[in-house]
Amino acid sequence: MTKPVLLLLLAAAAALADDDRFTGELDNAARVASVMLDGDVCRNIVTARAMDYMFRDDPEDRFLGGDNYEVNYAAFDSAKKTLIRISRLVSFPADANLWMPVPGHPDKIRVVIRNVHELSQFWPWGALYQNMIPEMKIVLETGRRVTVAQKPGWVSVLAPVWDSLGDVVAVVEVASQRQLDSHENVK
């Protein structure tokens with residue numbers, strides 16, 4: 001084997017090992033998130049009043065739903081702190097975000113907590129709720145972690161959050177970009 005071919009093979013092997021480490025760290029953090037987040041607490045984050053305003057339309061106030069996003073602070077703070085700690089399990093900038101299905105709307109999901117770097121493959125800036133992506137539905141139905149790399153350079157590991165009855169009630173997205181652009185994600 002010639003020296004240039006050998007060097008090319010070594011470079012490819014190193015890139016693959018780095019890719020495995022990147023995805024592996026995100027997967028490990030997502031596995032920990034499944035154990036550490038309390039689904040009963042997560043269910044109590046968004047108030048009933050905020051849920052009611054989410055689907056209201058008012059021609060006088062187009063920001064009605066977003067302006068009335070209200071949380072139970074103890075539940076929110078507990079989950080937010082846990083998610084921040086989980087994102088620190090990764091050796092590069094990453095976020096752990098909490099997604100929950102919208103009651104009464106089986107095809108909709110909402111991001112309940114976003115974190116430090118505003119990293120998510122799935123959240124369109126400013127949306128209170130959106131269509132559920134198929135991979136989130138798989139996590140909610142099966143309780144298995146799913147790795148998603150839809151956008152070039154992005155990796156998200158989706159993990160289930162269980163309540164005390166063993167039901168999957170939420171999805172954690174542990175996400176990062178291989179090449180971070182500090183201005184792209186913060187609008």
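Predicted model: local features only at pLDDT ≥ 70, side-chain atom pairs only at ≥ 80, totals over all residues.
**Exercise 1.** Find the surroundings of Ser 156, leaving aside its neighbours within four places in sequence.

*Solution.* Residues are numbered from 1 along each chain as its sequence is written, and side-chain values use heavy atoms, with hydrogens and water left out.

Step 1: Ser 156 lies in strand 5 (strands are DSSP runs of E, at least two residues; helices are runs of H or I, at least four; both are numbered from the N terminus).

Step 2: look for side-chain polar contacts (N or O atoms within 3.5 Å, one able to donate a hydrogen and the other to accept it; residues adjacent in sequence count only if both atoms are side-chain atoms). The side chain of Ser 156 has one of 3.0 Å with that of Gln 121 and one of 2.8 Å with that of Glu 173.

**Exercise 2.** Is Ser 156 buried or exposed?

*Solution.* Step 1: buried means under 20% relative accessible area, exposed over 50%, and partly exposed in between (1.4 Å probe, protein chains only). Step 2: the relative accessible area of Ser 156 is 0%, so Ser 156 is buried. Step 3: for the chain, 43% of the 187 residues count as buried.

**Exercise 3.** In what order do the strands of the open sheet lie?

*Solution.* Step 1: the 6 strands have the order 3-2-1-6-5-4, with antiparallel pairing (a pair needs at least two DSSP bridges). Step 2: strand 3 (130-131) and strand 4 (146-148) are the edges, each pairing on one side only. Step 3: strand 2 (residues 105-113) pairs with strand 3 over 2 bridges. Lys 108 has Asn 131 of strand 3 as its bridge partner.

**Exercise 4.** How many helices and strands does the chain have, and which pattern does it follow?

*Solution.* Step 1: the chain has 6 helices and 6 strands. Step 2: along the sequence, the pattern is α-α-α-α-α-β-β-β-α-β-β-β.

Key. Contact = heavy atoms within 4.5 Å.
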